[in-house]
Protein chains: 2
Amino acid sequence: MDRKVMDREALLASVREQMPERRWVHTQGVMETAVILAKRYGADPVKAELAAILHDVAKFWKVDKMEAAIREEGEFVDVLNYDKELWHAHAGAYVSRRDYGIEDEEVLGAIRYHTSGREGMALLERIVWLADLIEPGRDFPGVDAIRGLAEQDLNGALVAGFDTTLGFLVEKKKRIYPLTVLARNDLLAEIENTN
Amino acid sequence: MDRKVMDREALLASVREQMPERRWVHTQGVMETAVILAKRYGADPVKAELAAILHDVAKFWKVDKMEAAIREEGEFVDVLNYDKELWHAHAGAYVSRRDYGIEDEEVLGAIRYHTSGREGMALLERIVWLADLIEPGRDFPGVDAIRGLAEQDLNGALVAGFDTTLGFLVEKKKRIYPLTVLARNDLLAEIENTN
C-alpha cells in the first residue's frame with residue numbers, strides 16, 4: 001500500500017471494509033462530533049476528522065493481528081497486559097502510520113489514546129476521546145449530561161466521561177488501565193488550577 | 001524516645017494521646033478486626049494488632065508535620081502530589097520506625113499501604129487494609145456485604161472494598177492514587193488465576 005496519505009474517499013472505503021456496518025455508523029458519528037468539538041474548542045477539524053475515521057480501524061481485527069501490530073511497533077507492549085478493549089487503539093495508531101501513511105503525531109496520539117486517555121492529553125486527544133463517547137449513536141445513562149457539558153466545558157465533560165468509564169469498569173469487575181486514572185487526575189488538577 | 005519497641009500499654013497510651021477519642025475507638029475496632037482476620041487467614045495476629053495500633057497514629061497531625069515526616073523519610077515523596085488523605089499512612093509508617101522502634105517491614109508496610117493499597121499486597125497489608133474498612137464502627141452502604149465476604153474470601157472482600165473506595169473517589173471528584181488501581185487490578189488477576 002502506498003505510504004502517502006490516500007485520498008479521503010479511498011481511506012473511508014478502506015476503513016469501512018474492516019468493520020461491520022454498525023461500527024461504521026459509529027465511526028461516522030465520531031467524525032461528525034469530533035469536527036464540531038474541534039471547531040468549538042480551537043483544534044484542527046481536518047485532523048480531528050482524520051483521527052476519527054481511523055480510531056476504530058483495528059476494532060474488529062482478530063486478537064492475534066492486534067497483538068502482532070502492537071509487538072511490531074514495540075513501544076507500547078505493556079498494553080497487552082491489560083484488557084483487550086485497549087488493544088485496538090494502539091494497533092489502530094500503528095497501522096495508521098504503517099498502512100495509511102499518517103505521520104502527524106497529534107493524529108496518531110488521538111487514535112492511540114482514544115480509549116485509555118493518558119496524563120497530559122493533547123487537545124486533539126481530548127476531542128476524539130470525548131467524540132467517541134458522546135457521538136449521536138451512544139446511549140448510556142448520563143450521556144446527555146455529558147453532551148450538555150461538552151457544549152461549553154471540554155474538561156468538565158471529559159472528567160464526567162472518565163467517571164462513567166471508571167464506574168463501568170468497577171461494576172464489571174474489570175481491570176483499570178492506570179493511564180485512565182492519570183488522565184482523570186490530570187484533568188481534575190487542571191480544572192482546580194483554572195478556578 | 002527509646003528506639004526499642006515500647007511495651008504494649010505505653011504504646012497504646014502514646015498513640016491514643018495523638019488522636020481524638022472517636023479515632024481511638026476506630027483504632028480499637030481495627031485492632032480487634034485485624035486480629036480476627038489474621039487468625040482466619042494465617043497471618044501473625046501480634047503483627048496485625050501492632051500495625052492496627054499504629055495505622056492512624058499520624059492521622060490528626062498537622063499537615064506540615066506529616067509533610068516533614070514524608071520528606072525526612074524521602075522514599076515516598078511522590079505521595080505529596082496526591083490527596084492529603086494518603087499522607088498519614090506514610091507519615092505513620094515512618095514514625096513507627098523512628099519513634100516506636102518498629103523495624104518489621106511487614107508491619108511497616110501494613111501501616112504505609114493501609115489507605116492506598118498497592119500492587120502485590122502482602123498478606124498483612126491486605127488484612128490491615130480490610131480491617132480498617134470494615135471494623136465494627138464503620139457504617140457505609142455495602143459494608144455488611146464486604147463483612148460477609150471477609151468471612152471466607154479475603155481477596156473478594158478486598159476487591160469489593162477497593163470498588164467502594166473508587167466509587168467514592170469518583171463521586172467526590174477526587175484524584176485516584178494509581179497504586180489503588182494497581183492493587184485492585186492485581187487482586188482481580190489473582191482471583192482469575194485461582195479460579
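## A partly exposed glutamate and its partner

Glu106(B) has a relative accessibility of 40%, so this residue counts as partly exposed. The model is a predicted one. In it, the side chain of Glu106(B) meets that of Lys47(B) in a salt bridge, at 2.9 Å from N to O. Lys47(B) sits in helix H3 of chain B (residues 45–54), and Glu106(B) sits in helix H6 of chain B (residues 105–112). The pair therefore ties together parts that lie 59 residues apart in sequence.

Side chains of opposite charge can pair when their charged atoms come close. Over all chains, the structure holds 42 salt bridges. Some of them are described below.

## Arginine salt bridges in chain B

What does Arg98(B) meet in a salt bridge? Its partner is the side chain of Glu72(B), at 3.2 Å from N to O. This pair links distant parts of the chain. Arg98(B) belongs to helix H5 of chain B (residues 87–98), while Glu72(B) belongs to helix H4 of chain B (residues 63–73). The two residues are 26 residues apart. Arg98(B) is partly exposed, at 30% relative accessibility. Glu72(B) is partly exposed too, with a relative accessible area of 47%. Both values fall between the 20% and 50% limits, so neither residue counts as buried or as exposed.

Arg97(B) has its own partner. This residue forms a salt bridge with Glu103(B), and the closest N and O atoms are 3.1 Å apart. Arg97(B) has a relative accessible area of 24%, which makes it partly exposed. Glu103(B), at 45%, is also partly exposed.

## A salt-bridge network in chain A

Chain A has a linked set of charged residues. Arg8(A), Glu9(A) and Glu49(A) are joined in a network of salt bridges.

## Aromatic pairs

Tyr82(B) lies in the loop between H4 and H5 of chain B. Tyr177(B) lies in the loop between H9 and H10 of chain B. The pair links distant parts of the chain, 95 residues apart. Tyr82(B) is buried, with a relative accessible area of 12%. Tyr177(B) counts as buried at 9% relative accessibility.

Trp129(B) and Phe162(B) form a stacked pair. Trp129(B) is in helix H7 of chain B (residues 123–134), and Phe162(B) is in helix H9 of chain B. The pair therefore ties together parts 33 residues apart in sequence. Trp129(B) is buried at a relative accessible area of 4%. Phe162(B) is buried at 0%.

The size of an interface is often given as the accessible area lost when the parts come together. Chain B and chain A bury about 1500 Å² between them. Carbon and sulfur atoms carry 60% of that area. In this interface, 17 residues of chain B are in contact with 17 residues of chain A.

Eight residue pairs are in polar contact across the interface, with both residues at pLDDT 80 or more. Two salt bridges cross between chain B and chain A. Lys173(B) and Asp163(A) meet through their side chains in a salt bridge, at 2.4 Å from N to O. On the side of chain B that touches chain A, the elements giving two or more residues are helix H9 (154–171) and helix H10 (178–194) of chain B. The residues of that side divide into 11 nonpolar, one polar and five charged.

## A buried threonine in chain A

Thr33(A) is placed in helix H2 of chain A (residues 21–41). Is Thr33(A) buried or exposed? At 9% relative accessibility, under the 20% limit, this residue counts as buried. A polar atom of the Thr33(A) side chain lies 2.9 Å from the backbone oxygen of Gly29(A).

Not counting residues up to four places away in sequence, Thr33(A) touches Ala131(A), Ile134(A), Glu135(A) and Pro136(A). The C-alpha atoms of Thr33(A) and Ile134(A) are separated by 7.8 Å. Along the chain, these two residues are 101 residues apart.

Definitions and conventions
Residues numbered from 1 in each chain as written. Chains lettered and ligands numbered in written order. Predicted model: local features only at pLDDT ≥ 70, side-chain atom pairs only at ≥ 80, totals over all residues. Heavy atoms only, no water. Contact = heavy atoms within 4.5 Å. Buried area = accessible area lost by both parts, 1.4 Å probe. Salt bridge = Lys/Arg side-chain N within 4 Å of Asp/Glu carboxyl O. Polar contact = N/O pair within 3.5 Å; in protein donor to acceptor, adjacent residues only side chain to side chain. Helix = DSSP H or I, 4+ residues; strand = E, 2+ residues; numbered from the N terminus. Nonpolar A, V, L, I, M, F, W, Y, C, P; charged D, E, K, R; others polar. Buried < 20%, exposed > 50% of the residue type's maximum accessible area, 1.4 Å probe, protein only. Phe/Tyr/Trp six-rings, centres within 6.5 Å; stacked < 30°, edge-to-face > 60°.
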